[in-house]
Every structure is written in C-alpha cells, then in structure tokens.
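Here is a short report on one protein model.

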Amino acid sequence: MSNSSDTIAPLREFIIEMTKLVSQDSEEKNLIAKGSELLKPLIKSDTWLPEFCTAPHPEFYQQFLLHADPLGRFSVVSFVWGPGQKTPIHDHCIWGLIGMLRGIEKGQRYKRLPSGELLIDGPETVLLPGEIEVVSPTIGDIHVVSNAIPDKTSISIHVYGANIGAVKRHTYDPVTGSPKNFVSGYSSKLVPNLWDRSAEIRASL
C-alpha cells in the first residue's frame, strides 16, 4: 500500500497493470478494451502528474514521455496544450487511447479516399476530463486535435501500442490530402522517476 508521499503511485500502478496486459494479450481489440478500463482510474485525478510534464510551450503543444515499455509494446505520454494550440491533420499508425486529464479537447476525424482526398468523418467531438477516445488504423486513425479552452492549458494522457515518439507517421495536407512523413519525438529528455520508493520503505522502518 502506497503512503501519501508516494504521489506518482497511480502512474506506476497503471504501468504495472499495462505491462501485465501486453504480456498476456496481443490482440488489438482486447488491448483497447482492457487498456481503457485501466486508464479510467488514472485520469480521475491529476495530482500524480509531475510538474514538468504539465508545462505548456508558448507556441507548440508538448509531448512528455511518462513511460516506454522496454520491448516497445506500449508507451504513456502527457500531451500539454497551451491556449489555442492544435495539431496538424495526422495519423498514428498504431492503436491509441486518449484520456482527458485536465481541460477540454476538441477533435475532428477524417477519412482518406483511395484517390487520396480527405473527407471530414463525422461531427467534431469534445473530450471532457475522465473521458477516453480511441484511435487505430482499423477504426479511424486520421484526425486533428485542439485545445477547446481559449485561455487555459489542457492536458491529456495518451497510451499507444508502441513507443509513439519513434513511430514513422504522417501529417496530411488539408486541401490535397497529400501525406508527409514525420516522427514526433518528445518535448523533454526527462522522464518521471517511477521507481524511487525509498520514502515509503523508510516510513515503514
């Protein structure tokens, strides 16, 4: 049982359970369904997220790595949106879960025709704290996302079926639908220290 000083415990426990899940199952639909259930309690509170993983950039949305599975089976990322920030139209090329932690996101899906043309696919969605959206090449993978709050930061926690910062993906020209290769990388070389449990152990001495 974690004590009150172990603030990062919810993230560590989520990563432990996700590691068990990807070790037991490799079918995408099961990873999405079961991973979503694991993600729900993590995004009920934002007190576990380290401060440096909440910092917006004045020009660009930020993508902070929280954990990458050493075998490349999943990664966990904090997306931080400053006021008015948005992505280009992009894909992921793997399954992903988007859990809203703080603020509000808007998303618009697209589908690409065999001709290469992009069409809007359904209405714009609004993601509120505690809600989860799913992306995958099998169910819809192309979208644009923006911060829905004009004067505040929004933060979402993303779980992907690979080390997302090292996946070759695509942005799309909104007029022609033409794809362009990109690799997102990460916004910081720092990652949270999940494994220092010394305070907890000392308290039990």
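## A loop residue

Cys93 is partly exposed, because its relative accessibility is 32% (buried means under 20% relative accessible area, exposed over 50%, partly exposed in between, with a 1.4 Å probe and protein chains only). Its phi is near 70°, a positive value in a residue other than glycine. Cys93 sits in the loop between β2 and β3 (96–102). Helices (H or I, at least four residues) and strands (E, at least two) are DSSP runs, numbered from the N terminus.

This is a predicted model: local features need pLDDT of at least 70, side-chain atom pairs count only at pLDDT 80 or more, and totals for chains, interfaces and linings use all residues. Residues are numbered from 1 along each chain as its sequence is written, and side-chain values use heavy atoms, with hydrogens and water left out.

## The cavity

The structure holds one cavity of 30 Å³ or more. A cavity is a set of points, on a 1 Å grid over the protein atoms alone, where a 1.4 Å probe fits but cannot get out; lining residues have an atom within 4 Å of a point. The volume of the largest cavity is about 100 Å³, counted as the space filled by probe spheres set on the points, which are joined across faces, edges and corners.

Its lining has 14 residues. Tyr61, Phe79, Thr87, His90 and His92 lie nearest the centre. Strands β2 (75–81), β8 (142–147) and β9 (154–160) each supply at least two lining residues. By type, the lining has seven nonpolar residues, six polar and one charged. Here Ala, Val, Leu, Ile, Met, Phe, Trp, Tyr, Cys and Pro count as nonpolar, Asp, Glu, Lys and Arg as charged, and the others, Gly among them, as polar.

## Aromatic rings

There are four aromatic pairs (rings of Phe, Tyr and Trp, its six-membered ring, with centres within 6.5 Å; planes under 30 degrees apart are stacked, over 60 edge-to-face, the rest tilted). Phe52 and Phe64 pair edge-to-face, 6.3 Å centre to centre, with 90° between the planes. The two are twelve residues apart: Phe52 in the loop between α2 (28–42) and β1 (62–68), Phe64 in β1.

Phe52 is partly exposed at 29%. Phe64 is buried at 5%. Elsewhere, Tyr61, Phe79 and Trp81 form one aromatic cluster.

Strands β10 (residues 169–172) and β11 (residues 179–182) run antiparallel, joined by four bridges (two strands pair if DSSP finds at least two bridges between them). Arg169 has Phe182 as its bridge partner.

Definitions and conventions:
On a 1 Å grid over the protein atoms alone, a cavity is a set of points where a 1.4 Å probe fits but cannot get out, and a pocket is an open set with protein on both sides within 12 Å along at least five of seven lines; lining residues have an atom within 4 Å of a point.
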